[in-house]
Amino acid sequence: MTHERIENALSSEIPGDERRYIPRPIPATIDAARAQLDGSPGMSLATMLGAAVALAVVAVVAWAAWRTVGPERLGVGAETPSAAAVPSPSPTPSGPLACGAADFLIASDPWDAAAGSRGTRIVFRVVESTPSCLLPAAVDASITDASGVLVSGRAPEASPTEVTAGTQVELGISWSNWCGPAPAAGLSLLVRVGEDSIPIGPAGDGTILVPPCLGSGQPSALNVTGFQPSERPPIGR
């Protein structure tokens, strides 16, 4: 027998383990692969390799799902937003705001003399464009000349009062006991309402009267009555 015939005979023989091989489908899941291993102690090497391949495929698919979907969608490690991270709405103001200069039409009486003092009355009428506003709890007033403030005063504290469009109120100003040198020309009266200082131009001849000295060495005083209801005809009409 030649070497060629011997080689052909050997190659034509089927090994015993291949004759015993029975093809089986690759398990679809890890549990199916484990069941085949547990129930077949005499499983061939080829079958074991097939099960290992199936396990590897399942692992790769699971890893790809993890990377594609993310842990938040899979319910792993997802965090709910903290309540502190949600901004709370800003509070909105409720009720009427404090009255200011733009909320009034203003008129004043000519200055006159009474019992050793000098004074005037100022009328405030709420304009139609202001539905409502709050009169301040206190009103400040001051008289100045070219050198600065000569005298100042403040009305007694009161509760803020709501007024509506067309409401008319008034307050009184009286200046007493001026013992200093004659003020420089150009006296002015300022009334502070809320955040606004309102210049009050004197009516009549435009003169703010200076009171006489009633007590040398005593301070001059500017008295403010505060807002009171006005019974005068509506101003600005």
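**The disulfides**

Tutor: The link of cysteine 99 and cysteine 133 is right-handed, with 90 degrees about the S-S bond. It joins distant parts of the chain: cysteine 99 sits in the loop between α5 (71-74) and β1 (104-108), and cysteine 133 in strand β4 (residues 132-135), 34 residues apart. This is a predicted model, and in it the sulfur atoms of cysteine 99 and cysteine 133 are 2.0 Å apart. Cysteine 99 and cysteine 133 are both buried.

A search of the whole structure gives two disulfides. Cysteine 179 and cysteine 213 form a disulfide as well, with their sulfur atoms 1.8 Å apart. The link of cysteine 179 and cysteine 213 is right-handed, with 85 degrees about the S-S bond. Here too distant parts of the chain are linked: cysteine 179 lies in the loop between β8 and β9, and cysteine 213 in the loop between β10 (196-200) and β11, 34 residues apart. Cysteine 179 has 33% relative accessibility, so it counts as partly exposed. Cysteine 213 is also partly exposed, because its relative accessibility is 40%.

With the bonded cysteines of the protein numbered in sequence order, the pairing reads 1-2, 3-4.

The loop that holds cysteine 179 is also the place of proline 183, between β8 (168-176) and β9 (188-193). Leaving out residues up to four places away in sequence, proline 183 touches Asp145, Leu150, Trp178 and Val210. Proline 183 and valine 210 are 27 residues apart in sequence, and their C-alpha atoms are 8.3 Å apart in space.

Notes. Residues numbered from 1 in each chain as written. Predicted model: local features only at pLDDT ≥ 70, side-chain atom pairs only at ≥ 80, totals over all residues. Heavy atoms only, no water. Helix = DSSP H or I, 4+ residues; strand = E, 2+ residues; numbered from the N terminus. Contact = heavy atoms within 4.5 Å. Disulfide = S-S within 2.5 Å. Buried < 20%, exposed > 50% of the residue type's maximum accessible area, 1.4 Å probe, protein only.
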